[in-house]
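Me: I would like to go through this structure with you, one region after another. Could you keep the answers plain?

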Amino acid sequence: MNKSFLKVLDGAAQNPPPVWLMRQAGRYLPEYRALREKAGDFLNLIFTPEHAVEVTLQPIRRFGFDAAILFSDILVIPHALGQSVRFAAGEGPRLEPLAGAQGVARLAGEVDQKVLAPIYETVRQVKAKVDGGTALLGFCGAPWTVASYMIAGQGTPDQAPARLFAYREPAAFAALMDILVDASAGYLVRQLQAGADAVQIFDTWSGVLPPEEFARWCIEPTRRIMAKVREQVPGAKVIGFPRGAGTLLGRYVDELAVDAVGIDWTVDRGFVRDRVQSRVAVQGNLDPLVLVAGGAALERAIDAVLEAFAERPFIFNLGHGIVPETPIAHVETMLKRIRGK
């Protein structure tokens, strides 16, 4: 068994570095689009293990990435807490917005594990199908990011509804975060017990928070999740991804015992190399749009990422998810350049 991905999480640099892409199972692949049409509803795609296993494995078969990531969505947690969640074609997720403390009080106190059981079955089946060199990554959304969708009912540019809720009704917001901490920790534990080699916590909207609120609503809930997970799964490998954190990445890795931290494409690489990668493995940070552009721009960007990070523990990835219009040929070019082929 030679999982270079896990060796990096253990603190060992790998040459070439392992590579996977956020949203690597998705709309840029024709095989995904065909199965998505067959499945109909997006939630049906997630909660049917036969479909979810196939989608998880599609990019592994095509590209040979070093890690497979469970095909699911961060909003399965509010769905399992009893909040109405649907995915409208071309519009993204739509939830019934939480209206103040009364909305939080109507949520179930804990997730319905029967709802999430098909996801754990997907993990078990994928684990049985991947070869020994491919790591299996589970994930959840961080409480702040999940709460922002639950409160607004959809994604918003600056997450103003959630920020206002937290300022105006701090007790109710803290109660919501408590629910999400417990739900997320249990969700990750079950993924690890089902066969995930590591898990990633996506805090997609952490970058909209000022430093004090970043500590309160990003770092502290993640710390609590990690403590609960490692209490039940000692030594569990965890990657944190506080997108948009910028220089607050330093505080994030100082205060959280993550095994790696994901970095987006806007952060200064010199700062990350000197302040962050000196403490923990890093993952990222190619601009998803340069992968769309291709050509000389892509080659220069890949080389810059490798030059900055490859001598220390590093996982090559994008700074966020791959976008649907990405040409498959550009992904193939990227992999050849990273792997020196």
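Me: Where does Gln24 sit?

Reply: Please note that this is a predicted model. Gln24 is located in the loop between α1 (4-9) and α2 (30-39).

Me: Is Gln24 buried or exposed?

Reply: Gln24 is buried, as its relative accessible area is 1%, under the 20% cut-off for that class.

Me: What does Gln24 touch, not counting residues up to four places away in sequence?

Reply: Gln24 touches Leu29, Pro59, Ile60, Phe65, Ala67, Ala68, Ile69 and Ile322.

Me: How many residues of α4 are buried?

Reply: The helix is mostly covered, with 11 of its 15 residues buried. Among them are His51, Thr56, Leu57, Gln58 and Pro59.

Me: Against which elements do the buried residues of α4 pack?

Reply: They pack against α2, α3 (42-47), β1 (67-69), α7 (113-129) and α16 (328-339).

Me: Changing topic: how many residues are in the largest nonpolar core?

Reply: The largest nonpolar core has 134 residues, and those with the most contacts inside it are Phe5, Leu286, Phe316, Val331 and Met334. Helix α10 (residues 170-194) supplies the largest share of this core, 14 residues.

Me: What is Phe316 in contact with, leaving aside its neighbours within four places in sequence?

Reply: Its partners are Pro18, Val19, Trp20, Gly284, Leu286, Ile302, Val305, Leu306, Met334 and Ile338. Two of these, Leu286 and Met334, are also listed with Phe316 for the most contacts inside the core.

Me: Back to α10. Which residues are in contact with Arg190, leaving aside its neighbours within four places in sequence?

Reply: Arg190, found in helix α10, is in contact with Gln113 and Tyr120. The side chains of Arg190 and Gln113 make a polar contact at 3.5 Å. These two residues are 77 apart in sequence and 9.8 Å apart in space, C-alpha to C-alpha. Arg190 counts as partly exposed, at 34% relative accessibility.

Me: How many salt bridges does the structure hold?

Reply: It holds 19 salt bridges. One of them joins Glu255 and Arg223, with the closest N and O atoms 3.5 Å apart. Glu255 is in helix α12 (residues 249-255) and Arg223 in helix α11 (residues 211-232), so this pair ties together parts that are 32 residues apart in sequence.

Me: What does Asp254 pair with?

Reply: Asp254 meets Arg279 in a salt bridge, at 3.1 Å from N to O. The pair links distant parts of the chain, 25 residues apart: Asp254 is in helix α12, and Arg279 is in the loop between α13 (269-276) and β8 (281-286).

Me: And what about Arg337 and Glu299?

Reply: Their side chains also form a salt bridge, at 3.9 Å from N to O. Arg337 belongs to helix α16 and Glu299 to helix α15 (residues 295-309), so parts 38 residues apart in sequence are tied together. Elsewhere, salt bridges that share partners join Asp10, Arg230, Lys237 and Asp259 into one network.

Me: Now the backbone. Which peptide bonds are cis?

Reply: The bond from Asn15 to Pro16 is cis, with omega near 0 degrees, and Pro16 lies in the loop between α1 and α2. The bond from Gly284 to Asn285 is cis as well, with omega near -15 degrees; Asn285 is in strand β8.

Me: What about positive phi values at residues other than glycine?

Reply: Most residues other than glycine have a negative phi. Arg23 has a positive phi of about 60 degrees, and Gln159 has one of about 55 degrees.

Me: Are Arg23 and Gln159 buried or exposed?

Reply: Arg23 is exposed, with a relative accessible area of 51%, whereas Gln159 is buried at 0%. Arg23 lies in the loop between α1 and α2, and Gln159 in the loop between α8 (143-152) and α9 (160-168).

Technical notes:
Residues numbered from 1 in each chain as written. Predicted model: local features only at pLDDT ≥ 70, side-chain atom pairs only at ≥ 80, totals over all residues. Heavy atoms only, no water. Helix = DSSP H or I, 4+ residues; strand = E, 2+ residues; numbered from the N terminus. Buried < 20%, exposed > 50% of the residue type's maximum accessible area, 1.4 Å probe, protein only. Contact = heavy atoms within 4.5 Å. Core = buried A, V, L, I, M, F, W, Y, C linked by side-chain atoms within 4.5 Å. Polar contact = N/O pair within 3.5 Å; in protein donor to acceptor, adjacent residues only side chain to side chain. Salt bridge = Lys/Arg side-chain N within 4 Å of Asp/Glu carboxyl O.
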